[in-house]
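Hi,

Here is the structure I promised to pass on. Have a look at it first, and then read on for my notes.

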Amino acid sequence: MSSMVTQVRSVRIGALVPLTRPGWVEAGRHLLAGLELAVREVNDAGGIVGRPLELVVRDTAADPQRAAAAVDELARLGVVAVAGEYHSVVARAAAARADALGLPFLCSSAVLDALTEEPTQWVARLAPAQSHGWRIYADFLLGAGHTRIGVAAEPSVYWASGARILRDHLAPRGGTVIELDMRALTPTAVCDELVDHRATALLLLVGHPEPAVPIVRSVRRDPRLAEIMMGAPAGQPEFAEWTTLLGDDGAGIPFLRYLPEHLTPLGARVGTALRERLGEVLSFVAFEGYDTVVVLADVLRSHGADGARTAESWSRVAVDGTRGQIRFSRVPGISVWQWAWPPTQVVDRDPAEPARFRILHAG
């Protein structure tokens, strides 16, 4: 008598991740490691009501059109939800497409406030809105005595939004933002502008490694700017490549990261597993990836693999993640369901020991 083996159909989640240049590849690798570890643990614990969870990964390479096309493809492949993405302009394109298709999208890591043009039920987000994190960063600047702040900026929706948040928050509190257009200035010319404007801080609202790395080198080598503080609210110094390229020059540059002072017990265990998996110092982005799958698995177990029911259930999520309990709500001015808020810190690499992070301010 022949035995019949029935193949159990997997529950498929699409994952958008920047894995090739010009995408921020290191961030993409950390995000994917978190997503994959959580999927493996869900399946080790029995999957989604007996069905294995499967991750269908697409590389966005920081390209919004490529991300939108990937969402279309993933929808055709029958994924129950889309997750991930690090770059804000890419996540915005993916969110617009997911909204148009009626496909749930849980954004792991992108912070742009206006993730969609209109309010949507289909999109939720784990990362804090840019306005939340960057206001905390502006408060840190004021607390450190900086009121004349140079901003080296490249043209993009994300950088323009960041500059506006800083200006709007600092101006009523006596701060001045001096915008330096990196389309027109060389790193050496940036130094001259900072001296001319008597700036005490320079914020890097630019891509990594170009032109961020040459700007840092130029400022560090200018004796006129020995006392200036450089900052990178978008988090460029978080990743190992920053130290590889800049060495000691990359230390003492404060940035935002979304971690608590102490991880939850789950977070501590996951952190150990992710460090083994990646073989390098962890970034908060890896925890965002893990938490994304934790949320989606909880929703799928509770409400089944139906996109409309997933979208309806964002408001009922109450899940213990690696960095605290995750709940989604409607936040004024934010068009998607939002975790308000993940823990937020301003940290830098310790100049005495660049592999070590110092917490300078917590929001």
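A cut-off to start with: a residue is called buried when its relative accessible area is under 20%, and exposed when that value is over 50%, with partly exposed in between. Please keep in mind that this is a predicted model. By that cut-off Tyr86 is buried, because its relative accessibility is 11%.

Aromatic pairs

The structure holds 8 aromatic pairs, and one of them is made by Trp24 and Tyr86. Their rings sit edge-to-face, with 5.4 Å from centre to centre and 90° between the planes. What does this pair link? It brings together distant parts of the chain, 62 residues apart: Trp24 belongs to the loop between strand S1 (11–17) and H1, while Tyr86 is in the loop between strand S3 (81–84) and helix H3 (88–101). Trp24 has a relative accessible area of 10%, so this residue is buried.

Another edge-to-face pair is Trp314 with Phe328, at 5.8 Å between centres and 75° between planes. Trp314 is in the loop between helix H11 (307–312) and strand S11 (319–321), and Phe328 is in strand S13 (residues 328–329), so the pair ties together parts that are 14 residues apart in sequence. Trp314 is buried at 0% relative accessibility, and Phe328 is buried at 5%.

H1 against H10

Next, a helix packing. Helix H1 (residues 25–44) packs with helix H10 (residues 284–303) at an angle of about 35°, and the axes are 7 Å apart. The crossing is right-handed. On the H1 side the contact includes Leu31, Gly34, Leu35 and Ala38, and on the H10 side Gly289, Thr292, Val293 and Ala297 are among the residues involved. Sorted by class, the contact has 12 nonpolar, 4 polar and 2 charged residues.

Thr292 deserves a click of its own. Leaving aside residues up to four places away in sequence, Thr292 touches Leu35, Ala83, Leu106, Ser108 and Leu126.

Where are the cis peptide bonds I would show you? One joins Arg21 and Pro22, with omega about 5°, and Pro22 lies in the loop between S1 and H1. Another joins Glu210 and Pro211, where omega is about -5°. Pro211 lies in the loop between strand S8 (201–205) and helix H7 (212–220).

Two residues with positive phi are also on my list. Ala62 has phi near 60° without being a glycine, and is located in the loop between strand S2 (53–59) and helix H2 (64–76). At 22% relative accessibility, Ala62 counts as partly exposed. Arg198, also not a glycine, has a positive phi of about 55°. You will find Arg198 in the loop between helix H6 (187–196) and S8, and with a relative accessible area of 59% this residue is exposed.

That's my list. Over to you!

Cheers

Terms used. Residues numbered from 1 in each chain as written. Predicted model: local features only at pLDDT ≥ 70, side-chain atom pairs only at ≥ 80, totals over all residues. Heavy atoms only, no water. Axes fitted to C-alpha atoms, helices over the stretch in contact; angles between N-to-C directions. Helix = DSSP H or I, 4+ residues; strand = E, 2+ residues; numbered from the N terminus. Left-handed = near helix turned anticlockwise from the far one by under 90°. Contact = heavy atoms within 4.5 Å. Nonpolar A, V, L, I, M, F, W, Y, C, P; charged D, E, K, R; others polar. Phe/Tyr/Trp six-rings, centres within 6.5 Å; stacked < 30°, edge-to-face > 60°. Buried < 20%, exposed > 50% of the residue type's maximum accessible area, 1.4 Å probe, protein only.
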